[in-house]
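Subject: Structure handover

Hello,

Here is the structure that I said I would pass on. Please look through it with the notes below beside you.

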Amino acid sequence: MRLSLARGIVAAALSAALAATLAAVTPSSAAEPDAGLALTYQPVVAADGRFRAIEVTLRFRGAASGVTIVDLPDEWGGFDKLYNYLGDIRAEGATLAPSSDPAKIALRHAPGAPIVLRYLVRGANRAEQLQDGEVVNDYRPLIQPTWFHLIGDAVVARPEHLDGDTPASFSVRGMPAGTRFASDLEHPGLTVDGLIESIAVGGDFRLIDAGHGARLAVRGSFAKRDDAGWTQSFRRVAAAMSEYWGNDAGRYLVTIIPFAPPGPGATSIGGTGRGDAFAFFATTNALPEMLDRLMTHEMAHSWVNARIGGFSDTVPEAEQFWLSEGFTDFTSWRALVRAGVWTPEQYFAQFNDALREYDASPLRAAPNKEAARLFWTDEKAQRLAYLRGMLFAHWADDRLRRAPGGSSMRNLLLAMQAAAPAARSDAVTLFSAEAQRRDAAIGEGIARFIDRGEPIALPADMLAACGTLRQFERLVFDRGFDVDATLANDRIIAGVAQDGPAWQAGMRDGMTLIGRSGGEIGNSQSEIAYDVDDGGTKRTLRYMPQGRARETVREFALDDLSPPAARQACIGALSR
Ligand SMILES: [Zn+2]
């Protein structure tokens, strides 16, 4: 919503910014009447230059009743009692009244009085994090000697009488010389919700301007990616997105924090979308392809579905994720090919992985409402939204290309982007309307493949300039032992089936599983290799992980693209 630049919002933001400037000159002065909520971060720095805490200052007018209740950060992102990281709460223009709820404070004051509320945020310390096993995706305030990472939900207290769309302003003070600060808070049109849904980082970060409105704040080092790699990759992704949509990301910020791998060879990446930013965590050994894929997906959310209609308030959000997640993958993959970042081979490798995962999903036939109901508790339901939406976009793209006038998904999405500001309808509704106008069958397709959960039928000659969608039968993937029981049993191998392939290769119950050194989980066609400890001797067991049952699989088989004209034709088809 912060993307809408209605005149009134801009004017409010300007006056809020002015108020913040005045407040910065005379720090103890109270809020101007129309400032809404003014937030200031100021690091507390020790004599040796280390960050110790962040002082948060909130300026606002108290409630007309003379009592203001302020909600402190509590539960967010899988963490709770986040108020425990706050302390030394002080107020000017109001007195702190006792509150029985540790997640709230009460302020007594003259009706509508200007109030300054201050508190210190102390970080979750590193030892505590390691003890909790939280090496990545730590959304608590992180305040380390040389850097800090503040998720608004975990840091910013909120006066209850101020609505989410109340104008807000932000400033940062007292950053030590030579340190950097980056946030998604220095925007026009900032609101109270925007303060909460925010990310701010400071300290020994490097700031990379990728152009097209995109910025990256990164610190530390990664084994397989240096700053030149970050800059090049980030610039290419930002340019590809901007070219696909015909406009820029709009001050999009990615912050990235490296963490030590939780174990040898273990890689992990994750993060949280902040609307106009992405707070990203990755182990230092993360592969550049993994980093780029996630970064691209998150940046694509700037458009999907914020700029093509957004979410409906009247339908559960999870029922709209097939579009918001699936079309995000579809558009970002297409944009990468269009910009020459991905080859057709890379595109169809992704496509085939997704198609295989979709065809093997136990929830493939789940109606949309059912899948949405399971979304927050079942990882397979989460994945289904991405896969189903992405494959449906391919189906719709194929329909549109065959329809009179020869449109495409990209044309349709650009039309949605153009229509969205005036349409005042959500992305799913807008998509149906725009698609129906081009091909009536697409509405029926939504009912069949999304609402009712029929398997998405893709024609063999879709994207015929690139190859053929093949369908064939093969043996199901089967490891031949019980991997869950093995992992639950301190890696002592259990459940080896005597008529299975692992037994034939020499695996027996009671050996210790060291790890997998070959093959691909879910792929019965590639030889798998497990390293085991067999009574003190390390052995590598290789076999085809095939069970007895057969399954139907689909796969896009690329034509020979070595002739330049053939390659160009395929890239052209993927770019339309
Ligand atoms: Zn997403």
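A cavity is a set of points, on a 1 Å grid over the protein atoms alone, where a 1.4 Å probe fits but cannot get out. A pocket is an open set with protein on both sides within 12 Å along at least five of seven lines, and lining residues have an atom within 4 Å of a point. Grid points are joined across faces, edges and corners, and a volume is the space filled by probe spheres set on the points.

The model is predicted, so local features need pLDDT of at least 70 and side-chain atom pairs count only at pLDDT 80 or more, while totals for chains, interfaces and linings use all residues. Residues are numbered from 1 along each chain as its sequence is written, and side-chain values use heavy atoms, with hydrogens and water left out.

Cavities and a pocket

There are three cavities of 30 Å³ or more. The second largest cavity has a volume of about 40 Å³. Its lining consists of Arg334, His394, Asp397, Asp398, Arg401, Met462 and Leu463. By class, these are two nonpolar, one polar and four charged. Here Ala, Val, Leu, Ile, Met, Phe, Trp, Tyr, Cys and Pro count as nonpolar, Asp, Glu, Lys and Arg as charged, and the others, Gly among them, as polar.

The largest cavity holds about 60 Å³ of space. Its lining has nine nonpolar, one polar and one charged residues. Helices (H or I, at least four residues) and strands (E, at least two) are DSSP runs, numbered from the N terminus. H10 gives the most to this lining, with four residues, and H10 also gives the most to the lining of the second largest cavity, with four residues.

The second largest pocket holds about 320 Å³. Of its 16 lining residues, Glu289, Asp292, Val341, Trp342 and Gln346 lie nearest the centre.

The zinc site

Which residues coordinate the zinc ion? They are His297 (NE2), His301 (NE2) and Glu325 (OE), at 2.0 to 2.1 Å. Donors are N, O and S atoms within 2.8 Å of the metal (3.2 Å for Na, K and Ca); water is not among the atoms, so sites may look incomplete. Along the chain the donors follow the spacing H-x3-H-x23-E. Histidine 301 is in the loop between H6 and H7 and glutamate 325 is in helix H7, so the pair ties together parts that are 24 residues apart in sequence. Glutamate 325 is buried, with a relative accessible area of 11%. Buried means under 20% relative accessible area, exposed over 50%, and partly exposed in between (1.4 Å probe, protein chains only).

Strands

An open sheet of five strands has the order S4-S7-S2-S1-S11, with mixed pairing. Strand S4 (86–92) and strand S11 (168–172) are at the edges with a single partner strand each, so one side of each has no neighbour in the sheet. Two strands pair if DSSP finds at least two bridges between them. S4 and strand S7 (residues 114–121) are antiparallel, over five bridges, and glycine 87 is opposite leucine 120 in S7.

Elsewhere, strand S9 (residues 147–151) has five of its five residues buried. Trp147, His149 and Ile151 point one way from S9, and Phe148 and Leu150 the other way. S9 runs antiparallel to strand S8 (residues 142–144), with three bridges, and antiparallel to strand S13 (residues 199–203), with five bridges. S8 and S9 form a hairpin with two residues between them.

Regards
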